[in-house]
Amino acid sequence: MPKKKDKSKIILQTPKGMHDILPEDFVFYKTIYDKAEEISNYYGFMPIKTPHLERLELFNAGLGDTSDIIEKQMYTLKTQGGDKLALRPEGTAPIMRSYIEHGMQTWPQPVMFQYQGSFFRHEKPQKGRLRELQQFGLEIIGEEKPVAEAMTIRVLTLILEELGLKSIVVHINSLGDKECRNNYRKELLGFYKKRLGQLCRDCKNRYSKNPLRILDCKEEKCIEIKAEAPQMINYLCTPCKQHLKEVLEFLDSNNISYFLDTHLVRGLDYYSRTVFEFFEEKSEEENETPIALGAGGRYDYLAHALSNKNFPAIGGALGIDRIVQTMKDRSIPVRHSKPSKIFFIQLGTAAKYKSLKIIETLRKAHVPVIQSISKDTLKSQLRIASKLNMSYALILGQREALEDSIIIKDMDTSTQETVPIEKIVEFIKKKL
Ligand code: HAM
């Protein structure tokens, strides 16, 4: 007889590449989102939220048929009504969709957005690669000048630095515009034609579909060949060269460390001109392959791919899960909310009803308490309070509930006093 699969083993596991964020990690996520929001609000990025599900056609039209996301990483579904939808793999195409759908080109330009949340990619799970990933992103739509790159890169590096990641380097390149990129593409095809036999299977495929993507391959042999490949920077037309020059001048004048990575291309096909990725500069002993903490670029042709309209745009997104991991690896502390020092014990039904009112009074007075709703005895609850290292226990028994009083017990000295309920806030504040 074939062995039965242990059903509970499957039921009790999150899907591959997805994970629970437990309280000890949640505080990292919150710290990062709070910092990202604080800085982005200050620079005028308006918050926006788009649905987790979008029409499949949005991503097919926006991200490019030959991107890995479209070819193999999308979670798609067909609704009972027959619509084809996709769980969003990224946020840029949905925000451009929203901009066009709501006629935001009539608003004062550029329109600057900030967004955050989960995105879904059916990738092979490995270090730094999840199937449900979290991003914080910025998009500036309606600005063609390099000042938009300057603003995006400045704000994203500020967020990383203020979180305590001090040695951030921006890898940057230009992919040119349609014309100059086409000349480069021809040059690249010529270069790889002679080396086709040495490329990995995926890259042989990329050669005919989208040769620029060969430069993004992580296979050892393809990386070796890339070192000799022609560089886009030598094929840029004069306006694209000038654009890149202005972006780099800005980085210089703001002391933002960068590395002109002349083979940097990106996994999404909507980019033109500037592309960038953020890395943490590693010490020499750390020889692990670095993973990008964030990335972005200009996507002046995306609006046209979706709607035949032209809106220049730029943006970037931080990979929050990777930042959490890096902060933990570096032992960067995060601020935990002020721990409570008071344990609230209520005994009996009358006390339980009354306690809700008292707890609300304490909350309004910003006195944090941990409340016990257990039915345990006074003794066992005091034991919990002592285990949690509480300084005081507030005890509301049947008698106190009737007399409108409450006992406050000092957990260190084991002394206790009975205080009228209306005086409790004043009394505790004096003690803490
Ligand atoms: P992306 O490079 O695909 O760009 O993702 C941005 C960041 O999200 C990456 O640098 C990385 O930190 C994180 N990330 C990506 N995939 C994963 C994964 N599977 N697991 C964990 N983290 C991941 C975009 O998504 C563009 N929409 C960014 C952009 C905004 N471009 C213009 N505007």
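Me: A crossing is right-handed if the near helix is turned clockwise from the far one by less than a right angle. In this predicted model, which hand does the crossing of helix 2 and helix 12 have?
Reply: The axes of helix 2 (residues 23-42) and helix 12 (residues 320-329) come within 10 Å. For this pair, the crossing is right-handed.

Me: Are helix 2 and helix 12 roughly parallel or roughly perpendicular?
Reply: Their axes cross at roughly 115°. Angles of 65 to 115 degrees count as roughly perpendicular. Helix 2 and helix 12 are therefore roughly perpendicular.

Me: How many charged residues are in the contact of helix 2 with helix 12?
Reply: Helix 2 brings Asp25, Phe28, Tyr29, Ile32 and Tyr33. Helix 12 meets them with Ile320, Asp321, Ile323, Val324, Met327 and Lys328. The division is 8 nonpolar, no polar and, as charged residues, 3.

Me: How many residues does the second, separate core have?
Reply: The largest nonpolar core has 93 residues, and Met96, Tyr192 and Ile323 have the most contacts inside it. The second core is separate and includes Leu394, Ile421, Ile424 and Ile428. Its residue count is 20.

Me: Is His366 buried or exposed?
Reply: His366 sits in the loop between helix 13 (349-364) and strand 13 (369-371). Its phi is positive, near 60°, though the residue is not glycine. Exposed means over 50% relative accessible area. His366 has 71%, so the residue is exposed.

Key. Residues are numbered from 1 along each chain as its sequence is written. This is a predicted model: local features need pLDDT of at least 70, side-chain atom pairs count only at pLDDT 80 or more; totals for chains, interfaces and linings use all residues. Side-chain values use heavy atoms; hydrogens and water are left out. A nonpolar core is a set of buried Ala, Val, Leu, Ile, Met, Phe, Trp, Tyr and Cys residues joined through side-chain atoms within 4.5 Å. Buried means under 20% relative accessible area, exposed over 50%, partly exposed in between (1.4 Å probe, protein chains only). Axes are lines fitted to C-alpha atoms, for helices over the stretch in contact, and angles run from 0 to 180 degrees between N-to-C directions. Helices (H or I, at least four residues) and strands (E, at least two) are DSSP runs, numbered from the N terminus. Angles under 35 degrees count as roughly parallel, over 145 as roughly antiparallel, 65 to 115 as roughly perpendicular and the rest as oblique. Contact means heavy atoms within 4.5 Å. Ala, Val, Leu, Ile, Met, Phe, Trp, Tyr, Cys and Pro count as nonpolar, Asp, Glu, Lys and Arg as charged, and the others, Gly among them, as polar.
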